[in-house]
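Reader: I am new to reading protein models. Can you take me through one, feature by feature?
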Amino acid sequence: MFFLPEHWRRPQFREGITDQGSVAMGIAAWGLMTGVAMVQSGMSALEALLMTLIVYAGSAQLAAVPMITAGAPMWVILAAAFCVNLRFVVFSAHLRPYLMHLPRWQRMVSGYVTGDLSYVFFARRYPHPGTNAEELAQQQAYLMGNCAVNYLAWMVASVAGVFLANAVPLSWGLGFAGILALLGVLCSLASSRLRVLSAGVAGAAAVAAWALPLRLNILVAITSAVAICLLVEHLRGTEPGHA
């Protein structure tokens with residue numbers, strides 16, 4: 001973890017800080033907008049703070065907030081947040097061989113603090129897990145340096161957004177800034193035809209189902225994208241040469 005001194009002494013920890021530092025301003029802007037959005041949607045400052053500290057997932061928070069405002073049932077809110085964060089199941093499955101040597105509590109904390117861009121930077125830097133204890137320790141140090149910047153940038157900005165929400169006028173266009181931030185993340189992750197297809201299907205489904213109550217169009221979009229991806233993967237697997 002980034003609070004363990006043995007990581008701080010390794011150069012990989014500082015390299016992780018440097019890499020994540022290149023996008024820290026964007027993460028902070030997204031966190032500020034999310035904090036403001038939670039309070040301006042009607043949540044109390046305490047509720048917004050607890051959600052920030054416990055959930056620590058901007059996309060899930062932004063998906064849940066309009067549903068909370070609309071009075072959606074709890075199961076709908078939890079289902080939407082669960083679906084939005086399903087990508088972290090894939091992330092954790094990929095990171096498993098990198099982290100299985102750690103005690104369970106460290107693996108759980110590592111999963112909690114690892115965000116989208118932390119995973120992207122780490123997977124790009126280390127495409128394969130270490131083959132010995134020293135290599136695994138270096139990789140862990142890099143991941144924790146990366147996560148430290150991500151966590152601090154998000155939390156500081158989000159908490160600031162909660163407390164400054166009533167001082168931030170709607171004319172600043174933070175909602176539109178949030179959309180741009182999400183589009184930036186989307187474009188950076190659209191690295192394959194399948195991902196582009198899933199994004200297109202999700203967007204089309206969300207627009208087509210816009211009239212549904214309780215923001216259920218979000219669930220429709222996620223379900224449609226997952227279904228089409230599973231279908232495409234199945235068809236690929238049945239093609240000659242893919243068995």
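Author: Let us begin with burial. A residue is called buried when its relative accessible area is under 20%, and exposed when that area is over 50%. Keep in mind that this is a predicted model.

Reader: Is Ser-198 buried or exposed?

Author: Ser-198 has a relative accessible area of 17%, so it counts as buried. The residue lies in helix 12, which covers residues 193-208.

Reader: Which residues is Ser-198 in contact with, leaving aside its neighbours within four places in sequence?

Author: Ala-225 and Cys-229, once those neighbours are left aside. Cys-229 is buried too, with a relative accessible area of 18%.

Reader: What is the general idea behind a nonpolar core?

Author: In soluble globular proteins, nonpolar side chains tend to be buried together. Here the largest nonpolar core has 27 residues. Those touching the most other members are Leu-95, Tyr-98, Leu-99, Phe-122, Leu-143, Met-144 and Trp-154.

Reader: Which elements give two or more residues to this core?

Author: Helix 3 (24-40), helix 7, helix 9 (116-125) and helix 10. Helix 10 gives the most, with 10 residues. Apart from this core lies another, of 21 residues, among them Val-36, Ala-63, Ala-64 and Ala-165.

Reader: Where is the place of Leu-95?

Author: In helix 7, residues 87-99. Leu-95 has a relative accessible area of 6%, so it is buried. Beyond its neighbours within four places in sequence, Leu-95 is in contact with Thr-114, Tyr-119 and Phe-122. Take Tyr-119: it sits 24 residues from Leu-95 along the chain, yet their C-alpha atoms are separated by 8.6 Å. Now try Tyr-98. With neighbours within four places left aside, its contacts include Phe-122, Tyr-126 and Leu-136.

Reader: What about charged side chains?

Author: Side chains of opposite charge can pair when their charged atoms come close. This structure holds two salt bridges. In one, the side chains of Glu-134 and Arg-10 meet at 2.7 Å, N to O. Glu-134 is in helix 10 and Arg-10 in the loop between helix 1 (5-8) and helix 2 (11-21), so the pair ties together parts 124 residues apart in sequence.

Reader: Which residue forms a salt bridge with Arg-125?

Author: Glu-15, with the closest N and O atoms 2.8 Å apart. Arg-125 lies in helix 9 and Glu-15 in helix 2, so this pair ties together parts 110 residues apart in sequence. Arg-125 is partly exposed, with a relative accessible area of 35%. Glu-15, at 30%, also counts as partly exposed.

Reader: Last one: how do I read phi?

Author: Most residues other than glycine have a negative phi. Tyr-56 is not a glycine, but its phi is positive, about 50 degrees. Tyr-56 is found in the loop between helix 4 (45-55) and helix 5 (58-69). At 10% relative accessibility, Tyr-56 counts as buried.

How values were computed: Residues are numbered from 1 along each chain as its sequence is written. This is a predicted model: local features need pLDDT of at least 70, side-chain atom pairs count only at pLDDT 80 or more; totals for chains, interfaces and linings use all residues. Side-chain values use heavy atoms; hydrogens and water are left out. Helices (H or I, at least four residues) and strands (E, at least two) are DSSP runs, numbered from the N terminus. Buried means under 20% relative accessible area, exposed over 50%, partly exposed in between (1.4 Å probe, protein chains only). Contact means heavy atoms within 4.5 Å. A nonpolar core is a set of buried Ala, Val, Leu, Ile, Met, Phe, Trp, Tyr and Cys residues joined through side-chain atoms within 4.5 Å. A salt bridge is a side-chain nitrogen of Lys or Arg within 4 Å of a carboxyl oxygen of Asp or Glu.
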